[in-house]
Amino acid sequence: MNLRDKLRAVGGTGGQPRPAGEATTDCRHFAVYREAEEFPGAYDLTRETLQLMSDLELPEILDPRKILYLDTETTGLGGSGTVAFLVGMGYLTDHGFEVHQFLMRDYPEEPYLLKHVAAGLGKFDVLCTFNGTTFDVPLLESRFLMNRMDRSCLEIPHLDLLHMCRRLWKLRLGRCNLGRLEEVILGKPRTDDLPGSEVPQRYFTYLKTKRIELLEDILKHNAQDIASLCVLLNHMAELYLHPEKIRFSEDVYSMGRALEKLNRTENARHCYRLARRGRAGDLAGQALAVSYRRTGEREQAAEVWREMIRDRKGGITPYIELAKYEEHIRRNIPAALEMTERAMALCSEMTLRAEETVQQTQNELQYRYERLRRRMKETENHGNRIISEGFQSNQTTEKGTEGRGNPPV
Amino acid sequence: MNVSQLAEQLRQDHMFMKDVTRWEVIPARKARTLPFPACMDERIKPALAKRGIYELYTHQAKSLEATARGEDVTVVTPTASGKTMCYNLPVLSAILKNPDARALYLFPTKALSADQVSELYDMIEEMGVDIKTYTYDGDTPAAARKAVRQAGHIVVTNPDMLHSGILPHHTKWVKLFENLQYIVIDEIHSYRGVFGSNLANVLRRLMRLCEFYGSHPQYILCSATIANPRELAETLIGRPVTLIDDNGAPMGERHFVFYNPPVVNRQLGIRKGAIPVVRSISGMLLKNGIQAITFARSRLTVEVLTRYLKDMVRDPLGNAGRVRGYRGGYLPGERREIERGLRAGQVDAVVSTNALELGIDIGALDACVLCGYPGTIASAWQQAGRAGRRQGTSIVFFVASSAAIDQYIVNHPDYFLHQSPENALLNPDNLYILLSHFKCAAFELPFEDGDGFGNAPGPEELLDYLSEEGILHHVEGKYHWSAEDFPASEISLRSAAAENFIIVDISDPAHHRVVGEMDRFTAPMLLHENAIYMHEGRQFQVEKLDFDACKAFIRAVDVGYYTDADLNINLSLLDIEKEEPFAGTAVAALGEIKVTALVTMFKKIKFDTHETLGFGHVRLPETDMHTTAMWWTLPDELAEKIPSDRLKNGMMGIANLLRIVCPLYLMCAPQDIAVVYQVRSPITDKPTVIFYDNCPGGIGLAHKAYGMKQLLLEKALQVAEDCPCEYGCPSCVGPVGEVGEDGKRTAIRLLRELTK
């Protein structure tokens, strides 16, 4: 058996040699032009709006025409053997939206493709992708490196829409891939789109046959993805500017969470207030109260809890929170006891429905109840002594006070 | 009682001494030192001084100097001789001189790397310098990985992680590859066989990438004592090395006791089992408060002995934490706990497989008991090295089992004491292994026309083949990876099988827990349904083996027996490479075969008496392996003269003899090879004895055996003729019960004909 036959025995099936490629001096270029009307609000995007949505360091002046939307099509899922064979880059012009796609018809064209990418990136201030921070940009970095080319062009401010979208829609939608967002958020479902998992094999078949029509679907898909990035970004900007227009309470609540993470506390509270009427009302109410508590606005927080009790929202939590507030902030033991008793009553109602977590809450309430009863008695016996002592530990946490709650009589 | 007193007492004990075939005292050895060499950075000296080090042992100083001269170094050192200094000092010196310099440390297991890094941390902390040492393995949190890639001066990892986590993503490791100055590989003696052949190819890939990034790293390798450290090192890295084997570390006095359990049945040549003897020797050490390690050859024996020893020291609540079992398959946390217990002196007795043979730091113990010969001289010394401090006396007991190789060693202690240890063989050009790594290499960096792959043969043919398969795309002088796969995920470096079996304890239905794991080849033997699986001396019964999902479900039981499975082997021919006639019309041949292994049944064996209680059937799929083999085919006229029953017994005898002789003359471990006989072989259609490499693709043992095809038969004949038994015994052709009363005679007759 010669080496060739052995190789076959080890794991071969046999294959066909491919036609040799012709030497070229550039990669293939495609351009797609789309009307400005397809991108509502895109020209009005301001630096301030973007700043509201992300903590990215933006250039002093932001021109919406200086945002580059980029998406790659690749031969695999990563590692240094994966190549971006098609890179599409889109941007707004004075007349509409242009997408320029660079395709390497064979591996020797990769350096040309990368040169176009570098040149493209050089002309813009902000990069916008979908999952680009973990996929497209590291992959391109790797490709530049493998071709011994400068990769500093990739170091521009980068908006990754995947993360922004997740923050906004994960609660309601679960998975947030681009196709689903187009369908549910933008209301434009894709028809006969090529599944992403089939892309690499299509390209390898193209390499063997050089039949360009095999790539038509991929080119179309890529251009559509890029246009969607622009539409999606501007759609989000619109929502951030006018949260009252959002139809789903979950989304408004999620936006509040996103804003709070970016320290836009006032905007966040606005969202929470808006969301309180809808399905995410419980979550939004809680988030609002917690937000007040965090900034030390205890009375406002208490007011939110009271409103929640009034609206029968949030279950037991508002009672417990108010009990804490009355006990530790207001030092109003009778009020705290009343809240605890109401919570316990509600709890026993819920126990009938035999929820497992209720048991734990119930135990905690029982503990709180007994402590408060003790403190009630102590207060009755010792008058102001306990109260003044309690004030010294004003800033302590709930747990901290509990340990100190019963000084020796 | 301390070790010296115990040794003295045993020597007075005639009942014990009558079965001791040799009591060797290895005298204490003084330290030999040299001053710090000039190449060592001044800033290291105060840190060493704090540890009371003002000079280096000779082997340390010499390896530093050789490294400074730019040579690739291989240091051969026994256990506890300060080998880590041999690489830590040059690496620290280099980074102190140039903060951009990088080093890569490779240890065979995660446990070892954790151990060595803690020592390095201490040194760096004492120096108060900014040298970042990071472990990068499967346990490194994702958030920390970026820091390791960017800033780690010393990256500590294992071959598996280098193979699948670093090399395929080399563009994220630019800093490391551009500045790589030293590659440190410790415990290279453990890279034999498949693992070593894989590592050699991983290193070929590593060096290819270094070339791309313009770095030219030097190697510092460490090995335990083996016969061919230079050959092993040079095969691994594909470059010449400077060998440093002048050990200057001190060693206290050591007693080496060879004990052969007494014969209990003269006619059948049956000896008292090793396990009961070890039970009493280890028990004696335990009762005298002498910290000892007992090595057993199989996981099963480990569990049986652990149970025996635990029973001796159980407190009223049934706890026996002073006695621990240790073997592959225990979870990492459990193992670390046992290692700590040994170092801290909380564990007095540990029973282990060769899992503790490697350089995991468990401190030096006072005594060591080998239950059976571990198979190679190198292993035996490694295990014995676990007992022995730099000062003070230590003792090693070797208790022979009735296995032929054990009997040979215990009756020829000089062979053991003076013969050089075995060769560590590997074959980086094993086609299976080479091809897999070639794919990985092509993925990592396109090959160009005329490129080589280390010193691998036939790169052009491999490239053409992969192009024809459509995996590579050849255009303008470059071979581009053009497949969707991630080739590194398709290879496991340690075995041909990629996936391990997970062992799940379902005793508590509300709380299933994973208690261990096992490789794919062993699982059918030990985890078939109804097998008794032992873990830390506790018994479990296997309820279900889900072969496709690689899971075994076990439930705690308490029964008086354990199980032992029968392996059924089938062979088929793939290709004949060479053949030549000998001794008339007999034929010897070398080629490639497919080995199909199938477990069909198991035995239930009673504890203590070791009698067979019953049998059970096993229904599991077969496992396949392609490997290299050589075989001896008996001449027709000889086979025709002997009735087939007797022929079968004779051939069984020859196979048993070859199993004894081959490891000794090929200098390999018994488990690396397999010898089977077939009265009518599907390979030759004639009576045939077949020898094969017991690993996929082979590591070159069959080739070596083919070169000794006459000698091996002559030595087999010699063993049979020299053995005093009448009709056969476990030390030659096998026990009479197996080979029958005519087995030995027929084997000798056949061998005489074949060696005429």
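**Exercise 1. Find how many bridges join β27 and β28 of chain B, and describe the link between these strands.**

Solution. Take the strands first. β27(B) covers residues 561-582 and β28(B) covers residues 586-606. They run antiparallel, joined by 20 bridges. Strands here are DSSP runs (E, at least two residues), helices are H or I runs of at least four residues, and both are numbered from the N terminus. Two strands pair if DSSP finds at least two bridges between them.

B:Asn568 has B:Leu598 of β28(B) as its bridge partner.

Last, look at the turn. The two strands form a hairpin with 3 residues between them. B:Ala583 in that turn has a positive phi of about 40 degrees.

The model is predicted: local features need pLDDT of at least 70, side-chain atom pairs count only at pLDDT 80 or more, and totals for chains, interfaces and linings use all residues. Residues are numbered from 1 along each chain as its sequence is written, while chains are lettered from A and ligands numbered from 1 in the order in which they are written.

**Exercise 2. State the strand order of the 7-strand open sheet of chain B, and identify its edges.**

Solution. Start with the order: β6-β7-β5-β8-β9-β4-β10. The pairing is parallel.

Now the edges. β6 (133-135) and β10 (242-244) of chain B each have a single partner strand, so one side of each lacks a neighbour in the sheet.

Neighbouring strands are turned by 15 degrees against each other on average, direction ignored. Axes are lines fitted to C-alpha atoms, for helices over the stretch in contact, and angles run from 0 to 180 degrees between N-to-C directions.

Finish with one pair. β5(B), residues 102-106, and β7(B), residues 154-157, pair in the parallel sense over 4 bridges. Within β7(B), B:Thr157 stands opposite B:Leu106.

**Exercise 3. Describe the open sheet of 6 strands in chain A.**

Solution. Read off the order: β1-β4-β3-β2-β5-β6, with mixed pairing. The edge strands are β1 (28-35) and β6 (158-160) of chain A, each pairing on one side only. Neighbouring strands are turned by 25 degrees against each other on average, direction ignored.

Zoom in on β3 (84-92) and β4 (96-103) of chain A. They run antiparallel with 7 bridges. A:Phe97 of β4(A) stands opposite A:Leu92.

**Exercise 4. Work out how α24 and α26 of chain B cross.**

Solution. α24(B) spans residues 709-722 and α26(B) spans 743-754. Their axes come within 9 Å and cross at roughly 145 degrees.

Assign the hand. The crossing is left-handed, a label for a near helix turned anticlockwise from the far one by less than a right angle; clockwise would be right-handed.

List the residues. From α24(B) come B:Leu713, B:Ala716, B:Leu717, B:Ala720 and B:Glu721. From α26(B) come B:Lys744, B:Ala747, B:Ile748, B:Leu751, B:Arg752 and B:Leu754. Residues are in contact if their C-beta atoms, placed from the backbone, lie within 7 Å.

Classify them. The contact holds 8 nonpolar, no polar and 3 charged residues. Ala, Val, Leu, Ile, Met, Phe, Trp, Tyr, Cys and Pro count as nonpolar; Asp, Glu, Lys and Arg as charged; the others, Gly among them, as polar.

**Exercise 5. Characterise the contact between domain 2 and domain 3 of chain B.**

Solution. Among the domains of chain B are domain 2 (33-244) and domain 3 (431-490). Their centres, taken over C-alpha atoms, are separated by 29 Å.

Count the contact. 16 residues of domain 2 of chain B meet 15 residues of domain 3 of chain B. On the domain 2 side, α8 (159-166) and α10 (193-213) of chain B each supply at least two residues. α10(B) gives the most, with 10 residues. That side divides into 6 nonpolar, 7 polar and 3 charged residues.

Definitions and conventions. Contact = placed C-beta atoms within 7 Å. Domains from an automatic or database assignment.
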